[in-house]
Amino acid sequence: MKRFLTFEKRSAGTSGGVLAIRIVSIAFAVLVTMLLLFVVGKSPRQAGSILYSLFVQPFFSNYGVTDTIKAGIPLIILSIGVSLAFKMKLWNIGAEGQMAAGAIGAAGVAIYFPNLPALPLVLLMAVVSIAAGMLWGAIAGLPKAYLRTNETITTLMLNYIALKLVHALVLGPWRDPQSKGFPMAPVLPAQGWLPSWGNTGIHLGLLLAVILVAVYWFVVARNRWGYEIRVTGESAKAAAYAGIDVKKNIVLVLVVSGAICGLAGMVEFAGRAHRLDVNLTNGMGFTAVIIAWLSRLNPWGVIVMSLFMAGLNNGGGYAQTEGIPSAIATMIQGILLFSVLGFDVLTRYKIRIGGVLIDVDTFRQRRKSKALSAGKGRE
Amino acid sequence: MDMTMIIAMLGAMVAAGTTYLLASLGEIVSEKAGILNLGVEGMMLVGAVTGYIAAVQSHSLLVAALVAMVAGGLMAAIHAVLCITLKANQVVSGLALTIFGTGLSAFVGKDYVGVLTETLFRNVAIPGLSQIPVIGPILFNQTMLVYVSLLLVLAIWFVLEKTSLGLKIRSAGENPAATDAAGVNVFAIQYGCSIFGGVLAGLAGAFLTLAYNNIWMENISAGQGWIAVALVIFARWRPGRALLGSYLFGLVGILGLRLQAVGISIPTQLFNMLPYLLTLLVMIFGTGRPGGRRNDGAPAALSLPYDREAR
Amino acid sequence: MPEPTVVLKGITKAFPGVMANENVDFTAYKGEIHALLGENGAGKSTLMNILAGLYRQDKGEMIIEGNRVEFHSPADAIKAGIGMIHQHFKLVENFTVAENVALGHENTRFFVNKKNIARDITAVAEANDIELDMSAYVWQLSVGEQQRVEILKMLYRNARILILDEPTAVLTPQESTRLFDTLREMAKNGCTIIIITHKLVEVCDVAHRVTVMRQGKLSGIAQGEEISYQSLTGMMMSENIRLDGKVPAGKAAAAVLEVKDLFVRGFKGVQAVDGLSFTLHSGEILGVAGVAGNGQRELAEAVSGIRGIQSGQVLLGDADVTCASVRARIDKGLAFVPEDRMDTGLVGNMNLADNLLLRSYWNAENNTVTGIHYARMAEKVDQAIEQYEIAVGNKKAPVRLMSGGNLQKVVLARELALSPSVIVAAYPVRGLDIGATELIYTLLLRERDRGAGVLLLSEDLDALLKYSDRILVLYRGRVMGIVDKAQARIGTIGMMMMGTTPEEVAKIEAVSHF
C-alpha cells in the first residue's frame, strides 16, 4: 500500500501561484466561518452582516478605508523591520517590544521637553525612538553574534520587558495627573502630533511607511548590503566564501530591524495614539511577524497583507457596533490564519492524497492548456 | 511579617504558580519533541472557559477537568496538523492559535461571565503530610490540581529521563531524521506530545477558573500563557526547574500585589519584569559559549519541520 | 552457492527532474561483502535508501530472505533485518552512545535500565570487536567512532543485511582498514554487507561481488576473479572513454603562491594541517593527492582565507596575505572552486546574475549609485552562458534547478572572470559526467597556459597524474613528498598516501626490482 499522503518539494513557487493559493485559502476560511456561524445558530442574515463587517466595510467604504490605512501604517513599518531580519533568517519576534521601547522613547521626549517647537520635537522623538529600538535589537543581536544565543527567545523576553516597562511608567512616574487614576501618560502636546491629511486622521506616518517599503525594496533587491543579507540568509557557508562578515551583519540587521520597529512606536504615538498607555502596541508586533511571514518578505506583499490584517482588525470593531461580539471577529481571524497557513504548504510542496496529485502550477498549466484547446476547438 | 503571614504567602505562591506549572510542563513535553507552540495562552483560555461551562452544567469537577483537557488537546491538534502534517511555520501557527483561542473563548463564554458556580476545586488537606510544620500548610493544604501538578512534575521527569518513550520523545526533538532511521514513528511522537501539551494547557485553564479565580471572565489568563512559554526557557526544558521557576514567578506576582497593598512604592510592573529579565540574563550569560557547543537544553530541532524525503 | 538474501527486481524511482533508478535488478548473498559501485549520481544511494525503507520505489519488488516485502518506513526494513549506515550519520549528538543504540529498539523496555542496556550493548560490541565508551556523548566522538556507533546500532538490532553508504569517505586510512576488518568478520558470521562506493581501489581490495550502476541503471556485475580495475572501469564509465591522451606540460615560472609552515585546526579542533609548506608557480598545475580527510579541505579553506589559521605564512605573489580577508585575497587574484558546489560555491535559491556576483559584488564596476549594476550583470550572464556553454532554461530562475555540470561551469565562469593568478580547485569534477569533466580540465589547462598557478585537489589519481605538472601528497596534514610528473607512478603515490615517505618508497621499489 502506498502512503496515503505524501509531500514532494516543489521546484519554484511562482508569484501567481502564491496569490492563487492565498485567495483560495481565504475563500476556504470564509466557507468554514459560515459553517461555524450556522452551527452556533446564527441566521444567514447575521452571518452575512458579520462577513460584511469583516471583509467589505474595511476595504470598500470611505470611513473603512481611512481606518484601515490608519491602522495599517504601524503594521507596514513593523513588518518591514521584521522582514529585514527574517531575510537573514534571524527570527526576530521582538517587534512588539521594540515598538514599545520606541514609544517609551518618544513619550519620554514629549514628557521632558514638552515645550519644544514642532519640528525639533518630532525629530527628537524620532531619534530617541530609533535609538531605543536599536538598543532592544542590540540586546538580542550581540549575544546572537558572539555567544550564539537564540534570538527568538531573547526577543520574546525583551517583548515582556518593554511592555512591563511601559506599564510601570504609566502607573508610576509618567502617569497623567488628569487621567483620573487611569494608567496612562499625558497627552502629547499638539505641536508634536504628526500632521494629518484633512480630518481623516491619516498622518505623515503613511508617507514614512511607503518610503520605508521603497527603501527596503531597494536595499534587498539592489543594494550591496541587501545582497549580503540575502546571501547570508540562504547559506552561511556561501557567505563566508564570499567574504561576508556574518557576525557584524547579525548585529547590524537586528539593530536596524529594531530601529525600524522602534520608529513604528514613535509613529503610532505621535500619529494616532498621542499618549502612552499599555494598549499602544496592542499586539501589533506579533501581527507584524504574521504579516512578514505571509507576505514572504516581499515589500509589496507587506503593504497588501498589512492593510488586510488592519482591515480585519477594524472589522471586528464594526461588527461590534452591529451588536455582534468582537470575539467572533477575533475567532474568524484565527480561522483565516489557520487556513492561509495550511494552504501555504501548496506553495512549497506538491501533495499526493491517495492517487491525486495537487500541484498549483499544474492546475495553472492545465487551465492554460484548456483555454488553449478550447480556442482550437475540441479534439 | 511573622511566620504565619510568610506561610500564607508561600501557600498563595504555590497556588499562583500552579497555572504556570501545568502549562509549562505541557509545553516542555511538546518542545522536547521538537514542536514549539506559542499558542499556550489561547489553549489555556479555551480550557478555562470550557472547563468552567462544564462545571456549571454538569456540577462535576471530573467532567469539568476532562472537558478542559480535551478542549486544550483539540486546540493543540490544530497546531499539530498545521505544523507536523502541513509543515507550517510553528511561530506563526502558535500566534494564530492564541488569536483564535482568545476569540473562541470569549465567544463561547460570553453567557457565563459573572455566572457563579459551587463546583470548584477546594483545598484538600492531605492527612499526615499537611501536619508537617511549614511545608505542610504550604504544599499539602491545596486543591487537587496542585497535587496533580506535583505528580506530573515527577511523572514527566521520569518518563522523559527514564523510559524508552522519553528517549523517543527527546530524540524526535533533537534529530528527527536519526529518530526516524532508528525506526521510531516521529510523526506519532510529535502529534502525541503536541496534543499532550494542549491537554495540560487546558487543565491550567481549568485551574484558573475553577481553583484559583473561581470565575470566568474574558481573557482571564491575562498573559499567563506567555509566562509559561518563558518559563520553559527559564527552566531549560527540565520539569524540576519548571516547578521552581513557576513558584518563583508565582511569588513575584504575589509579592508585587502584597507590596502594593502595604504601600511600598516599587512599581509592581517593574517587579513583575524581574522573571523575564532573569530569563533573558540566564539565556545570554548562562548558556552562551562563543563558537563552542551550546548548553541551554533547547532541543536541537525545535521548530524545524521534518520532511523525510527532503533531498 | 550461498542463498540470496536480497533480491531487488525492476526497481524504478523518479525524483522531480531526475530518474534516479530505472528498472534496476540487484542480488546479494549471505556472507558476502557486496560493493555497489558507480560514479556520483549513478543512483546507488537511492537504490539502497529504497531497500532501507527510507524512500519508496515507484515500481519494482523486493525479496528479502525469500519473502516479498513492502517497506513503509525504516522501521519495517529494520524488522526485516536490514540496517543502513548513511553517509551523514543518523545519530543524536546530545545522546550517549548507549542511548543512541537503544533508541527505538524493540527490546528496550519502557522502563529504561541504563546499566542493563549498557551491559547488553557492550556484549554485542565486544563480540564484534568494536571498541566504544558507552557513556560518551556522540558529539564527543571522532567520525570513525561515530561510524562504529552506527554499526553497533545495527548489530544490536540483529541486522543481517548491513548497508554502508560511502563508509570510507570520511575515514583516515587506519580507520578504513579497521572498518574493513570488522566488516570481514561480520560477513564471516553470516551477514550480508553492501558497501556503496565509487572507489575502485577499495572494491578490488574487499568485495566478493560487485554490482555496477551507471546513470540510474544497472551496468554490470562482477564476482571473484572478474573483479579488476580494468573491468570495473569499463562498466562505470559511460562509453568506456577514459581520459586518454597526453597533456603537454606547463611552463612553470615565478612563484605565485607560497605556503610556509602552515598549521590549521579542523572540525572539533583536530590538527588538520600540521606544518605544511609548498610553493606553487605560475604556469603549473600542482596536484594534491591524499586520502579524504587528510587536511585537504582545511588547506584549501585556509589558503582562500575562509578558515582561520594557527600559525604559518601565506604569500600571494609578493604580498603576504596571512592575515588578509577573503575579499582582499580575491582582489589580489586568488580564485577558489570549493568542494561543496551547491551550498558554498553557489547560492541555490539565487539566480545566475546574483551567483556571478558572489565573489565580486563589492567591485566598483558592479555597482552604480543606484545599487548593484544589474544591467551590466545581465550582459555578464549572457557572456558566461555563451563562453562556458551553460545550459539554462530561464536565466532568472534559481540556479539550484541546473544540473551539476552546469553549476560547476557557473562557478568557474565566476572565478575565472577576474583572470586570477592562483586558482585553488577542490574536487572540481566530483559527480560530473565525462563531458563536463573534460571541459573543466580543459579550462584549468587553459588558465595554466595563460600563466595562472593551479592547486588541484582531487581524489582521482589518474586525473591527477594526467593533468598535474607536480603532485603533492598529503598525509595527516603534512607533505609526504612532491613528485614531478615525469617520475610519478600511481603505486608510488598510493604508498605515499598511506604514509610511506618517498625514501622508503624508493627502498621498497629498489628491492622489488631486483
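In chain C, strand S16 and strand S19 (residues 422–426) run parallel, joined by 4 bridges. Across this pairing, Phe336(C) stands opposite Val424(C), a residue of S19(C). The model is predicted.

- S16 and S19 belong to an open sheet of 6 strands.
- The strand order is S16-S19-S20-S13-S21-S22, and the pairing is mixed.
- Strand S16 (334–337) and strand S22 (478–484) of chain C stand at the edges.
- Each edge strand has a single partner strand, so one side of each is left without a neighbour in the sheet.
- From one strand to the next, the twist averages 15°.

**Helices on the sheet**
- Helix H9 of chain C, residues 296–304, packs on the sheet.
- H9(C) touches strand S13 (285–289), S16, S19, strand S20 (453–457) and strand S21 (470–475) of chain C.
- The direction of H9(C) makes about 150° with that of S19(C).
- Helix H17 of chain C, residues 490–497, also packs on the sheet.
- H17(C) touches S13, S21 and S22 of chain C, and its direction makes about 30° with that of S21(C).

**Domains of chain C**
- The domain assignment gives chain C a domain 1 (4–236) and a domain 2 (255–345 + 421–513).
- Their C-alpha centres lie 32 Å apart.

**Contact between chains A and C**
- Chain A gives 19 residues to the contact, and chain C gives 27 residues.
- On the side of chain A that touches chain C, the elements giving two or more residues are helix H7 (205–222), helix H8 (224–234) and helix H9 (236–241) of chain A.
- H8(A) supplies the largest share of that side, 5 residues.
- By class, that side of chain A has 8 nonpolar, 4 polar and 7 charged residues.

**Positive phi outside glycine**
- Ala222(B) has phi near 45°, a positive value in a residue other than glycine.
- Ala222(B) is found in the loop between helix H9 (186–212) and helix H10 (224–234) of chain B.
- Ala222(B) is exposed, because 12 other C-beta atoms lie within 10 Å and the cut-off for exposed is 12 or fewer.
- Asp261(C), likewise not a glycine, has a positive phi near 50°.
- Asp261(C) has its place in strand S11 (residues 255–265) of chain C.
- Asp261(C) counts as exposed, because it has 10 C-beta neighbours inside 10 Å.

Notes. Residues are numbered from 1 along each chain as its sequence is written. Chains are lettered from A and ligands numbered from 1 in the order in which they are written. This is a predicted model: local features need pLDDT of at least 70, side-chain atom pairs count only at pLDDT 80 or more; totals for chains, interfaces and linings use all residues. Two strands pair if DSSP finds at least two bridges between them. Axes are lines fitted to C-alpha atoms, for helices over the stretch in contact, and angles run from 0 to 180 degrees between N-to-C directions. Two residues are in contact if their C-beta atoms, placed from the backbone, lie within 7 Å. Ala, Val, Leu, Ile, Met, Phe, Trp, Tyr, Cys and Pro count as nonpolar, Asp, Glu, Lys and Arg as charged, and the others, Gly among them, as polar. Domain bounds come from an automatic or database domain assignment. A residue is buried if 20 or more other C-beta atoms lie within 10 Å of its own, exposed if 12 or fewer, and partly exposed in between; C-beta atoms are placed from the backbone.
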